[in-house]
Amino acid sequence: METIDPQMAARVWQRVRPGEEPPVAETPPAPLAALIAREYQLAEVFRELSARFPGHQEALLRLHRRCRGRAACLRGIALLREEEIPPAPPQRLEERPLAAILGRCYGRSLEGLTEYSSRVSDREYGGVFQCLAQQLREQCQAILELLGELCRR
């Protein structure tokens with residue numbers, strides 16, 4: 001399949017539909033392997049944080065388990081779609097302030113939420129992606145709660 005030159009496509013669009021803006025090309029969804037890797041990376045961050053903050057260990061381990069569960073679910077989809085999934089590289093927690101680490105977790109969770117939400121119309125797995133998106137909404141809330149608790153001044 002040929003790739004389309006965006007500048008040429010815009011010129012053709014202006015000849016065919018003068019005065020109208022050409023449609024914006026959608027960003028293709030991330031491969032499942034990238035989604036799985038993100039879930040495993042987040043899981044490891046939450047696991048390591050649970051060891052550092054025993055007073056919040058239960059909440060952090062719950063986030064860890066949910067990330068691992070979503071990764072397993074995505075691996076199941078990948079297996080049924082016969083997609084190759086490389087093993088996730090080991091992830092070490094960065095030496096950064098806690099607020100920065102949790103802020104990064106929040107941002108990564110929002111990325112996942114956007115990805116899962118964009119896949120709810122999938123014929124086979126749309127319902128699953130909808131559930132995963134809801135889990136990430138809850139995860140975002142939990143991260144903000146932890147941030148508020150752990151980073152009190």
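What percentage of the 153 residues in the protein chain do buried residues make up?

1. The answer is 32%, where buried means under 20% relative accessible area with a 1.4 Å probe, protein chains only. Bear in mind that this is a predicted model, in which local features need pLDDT of at least 70, side-chain atom pairs count only at pLDDT 80 or more, and totals for chains, interfaces and linings use all residues. Residues are numbered from 1 along each chain as its sequence is written, and side-chain values use heavy atoms, leaving out hydrogens and water.

2. The fold reads α-α-α-α-α along the sequence, with five helices and zero strands (DSSP runs: helices are H or I, at least four residues; strands are E, at least two; numbered from the N terminus).

3. Take a look at H4. Its 21 residues, 98-118, reach 30 Å from first C-alpha to last, close to the 30 Å expected at 1.5 Å a residue (1.5 Å times one less than the number of residues).

4. Buried residues of H4 include Leu98, Ile101, Leu102, Cys105 and Arg108. The cover over the buried H4 residues includes H2 (32-52), H3 (57-80) and H5 (126-150).

5. Now the H4 and H5 pair: their axes, lines fitted to C-alpha atoms over the stretch in contact, come within 9 Å and cross at roughly 165°. That makes H4 roughly antiparallel to H5 (angles over 145 degrees, on a scale from 0 to 180 between N-to-C directions). Contact here means heavy atoms within 4.5 Å; among the residues making it are Leu102, Tyr106 and Leu113 of H4 and Phe129, Leu136 and Ile143 of H5.

Note on methods: Buried < 20%, exposed > 50% of the residue type's maximum accessible area, 1.4 Å probe, protein only. Parallel < 35°, antiparallel > 145°, perpendicular 65-115°, else oblique.
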